[in-house]
Amino acid sequence: MKVKHYPLITGFAVLSLSVTLFSNSNGPQAAVAGSPIEGGNNCTQCHSGTANSGSGNLEISGIDVYAPGETYTISINVNDETSSKFGFQAIAVDANDNAIGTIAAGTGSKRITSGGNDYATQNSPSADGTFTFEWTAPSSDVGEVTFYAAGNATNGNNSVSGDNVYTSTLTVSATQVGIEKHLTFTEVANVSFPADGEIQINALNNAQ
């Protein structure tokens, strides 16, 4: 008598489908932050739809300017009132389209690498769309740095269809510290402090 094994085959099919549907619960594939490094690729590489076509948005905050070598807490907020499960990926890029600085895990996030580039991504879905990660600026002024981020607001149907994807950027420059020409004490003729609060420095002619 022949024994049919269809239930077992069906069971494996369901298991395989489940693995596929939940494969990104711990973070998206690398290189989908929407930067020039990825050719602009974002979460729509896996999730259907057009980026920024939903009613929500994505916000990047936590930094206005950077000081070389300093560490900053970068916040990512994916907003969409139709969703209760969110994810993201982000990268920092310089003006020459090179990944810049060092990324470390923060609230709800982790660091991943692809092609030698640092990315921040969710380590599990967020119920409120709020994430943070740590970014350490390069040791010297490299000019403008742009943060690119792509976020996914899921519709909860346990598939990659019907989700809303949002992208955003934030560009910052290095902070300028000190006066442009450095003078030694002997090179300064006098220093005055007017009532308007502006410091006036009169230098001798031999100052370099």
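This is a predicted model: local features need pLDDT of at least 70, side-chain atom pairs count only at pLDDT 80 or more; totals for chains, interfaces and linings use all residues.
Residues are numbered from 1 along each chain as its sequence is written, and side-chain values use heavy atoms, with hydrogens and water left out.

The protein has 1 helix and 12 strands, where helices (H or I, at least four residues) and strands (E, at least two) are DSSP runs numbered from the N terminus. Of the 208 residues, 32% count as buried, meaning under 20% relative accessible area with a 1.4 Å probe and protein chains only.

Six strands form an open sheet with mixed pairing, in the order 2-10-9-4-7-6; two strands pair if DSSP finds at least two bridges between them. Strand 2 (65-66) and strand 6 (109-114) stand at the edges with a single partner strand each, so one side of each is left without a neighbour in the sheet. The partner of strand 2 is strand 10 (residues 164-174), joined in the parallel sense over 2 bridges, and here tyrosine 66 stands opposite alanine 174.

Strand 1 (residues 57-61) runs antiparallel to strand 3 (residues 71-79), with 5 bridges between them, and glutamate 59 has asparagine 77 of strand 3 as its bridge partner. Glu59 lies with Asn57 and Ser61 on the uncovered face of strand 1, whereas Leu58 and Ile60 make up the covered face.

Definitions and conventions
Buried means under 20% relative accessible area, exposed over 50%, partly exposed in between (1.4 Å probe, protein chains only).
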